[in-house]
Amino acid sequence: LADHVAAGRSVGLVSDAGTPALSDPGFRLVRACRRRGLPVVPVPGPCAVTAALCAAGLPTHGYLFVGFLPPKSAARIAFLKKYQSFEFTLALYESCHRIDKFAAELAEVLGPDRVVCIAKELTKLHETFWVGRAIEVRDRLAQASLKGEFVVLIAPESYTL
C-alpha cells in the first residue's frame, strides 16, 4: 500500500474496529509511509477510547492509553500494581473473552472502591456504560452480555464519585 502512495495514488485506511492505527495493525502502514517520507493525513472518525473518556465522567486532564493488556492474568495484575498510584486516568481495551476476569482483577488489586468505567460497544446500537466503584461495576458486568468490544477507564487513586 505504501508503494501505491509513493506512486501518487490516494489510499484510504479503514478499520472495522474504530479509528485505524490505534491498537490496530494499521499503524504498520502509517509507519511504513512515515519511514519513506510519504504523506499521512488523518480523517476524524469514531474512536472508542475518546468516546469513553468524553462520556464516563472520570478525570480527563491527563490520561494514559495502553491499548490491550497482555492476555495472561499475571501480566495484567503486574500492570495494575505498577500503575496503582498513577496520577491520571488509565485507558485500555479489553477482549470480551477476558473482561469479566479483568474486572475481578481490578477490584482485587486496586481495591473495591476504586472508580472505574467499563464501556461496551461504543458508538454502536448496544452502547453501554458501567461507571462506579470497581466492585459494583464488576457485579453489574457479571449480569450483562459480554459480547462486543470493551474500553476500560481507571480513575486516579485519589478520585471519588
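Modeller: Start with helix α4, residues 73-82. Its buried residues are Arg 76, Phe 79 and Leu 80. Buried means under 20% relative accessible area, exposed means over 50%, and partly exposed lies in between (1.4 Å probe, protein chains only). Helices (H or I, at least four residues) and strands (E, at least two) are DSSP runs, numbered from the N terminus. This is a predicted model, where local features need pLDDT of at least 70 and side-chain atom pairs count only at pLDDT 80 or more, while totals for chains, interfaces and linings use all residues. Residues are numbered from 1 along each chain as its sequence is written, and side-chain values use heavy atoms, with hydrogens and water left out.

Biologist: What do the buried residues of α4 pack against?

Modeller: They pack against β1 (63-68), β2 (89-94), α5 (99-110) and β5 (150-154). Contact here means heavy atoms within 4.5 Å.

Biologist: Why is β5 called largely enclosed?

Modeller: Five of its five residues are buried, so the rest of the structure largely encloses β5. Phe 150, Val 152 and Ile 154 point one way, and Val 151 and Leu 153 point the other way. In a regular strand, side chains alternate between the two faces of the sheet.

Biologist: Which strand runs antiparallel to β5 and is joined to it by five bridges?

Modeller: Strand β2 is one, with five bridges to β5. Two strands pair if DSSP finds at least two bridges between them. Glu 94 has Phe 150 as its bridge partner in β5. Strand β3 (residues 115-120) also pairs with β5 over five bridges, in the antiparallel sense. There, Cys 117 partners Leu 153.

Biologist: Which residues touch the most other members of the largest nonpolar core?

Modeller: They are Leu 80, Phe 102, Leu 106, Ile 118, Leu 141, Val 152 and Ile 154, in a core of 21 residues. A nonpolar core is a set of buried Ala, Val, Leu, Ile, Met, Phe, Trp, Tyr and Cys residues joined through side-chain atoms within 4.5 Å. Helix α5 gives the largest share, seven residues. A second, separate core has 15 residues, including Ala 91 and Tyr 93.

Biologist: What makes Phe 65 and Tyr 93 an edge-to-face pair?

Modeller: Rings of Phe, Tyr and Trp (its six-membered ring) pair if their centres lie within 6.5 Å; planes under 30 degrees apart count as stacked, over 60 as edge-to-face and the rest as tilted. The centres of Phe 65 and Tyr 93 are 5.0 Å apart and their planes are at 70°, so the pair is edge-to-face. Phe 65 lies in strand β1 and Tyr 93 in strand β2, 28 residues apart.

Biologist: Are those two residues buried, exposed or partly exposed, and how do you know?

Modeller: Phe 65 has a relative accessible area of 25%, so it is partly exposed. Tyr 93 is at 10%, so it counts as buried.

Biologist: Why are Phe 86 and Phe 88 called edge-to-face?

Modeller: Their ring centres are 5.9 Å apart and their planes are at 70°, so the label is edge-to-face. Phe 86, at 24% relative accessibility, counts as partly exposed. Phe 88, at 25%, also counts as partly exposed.
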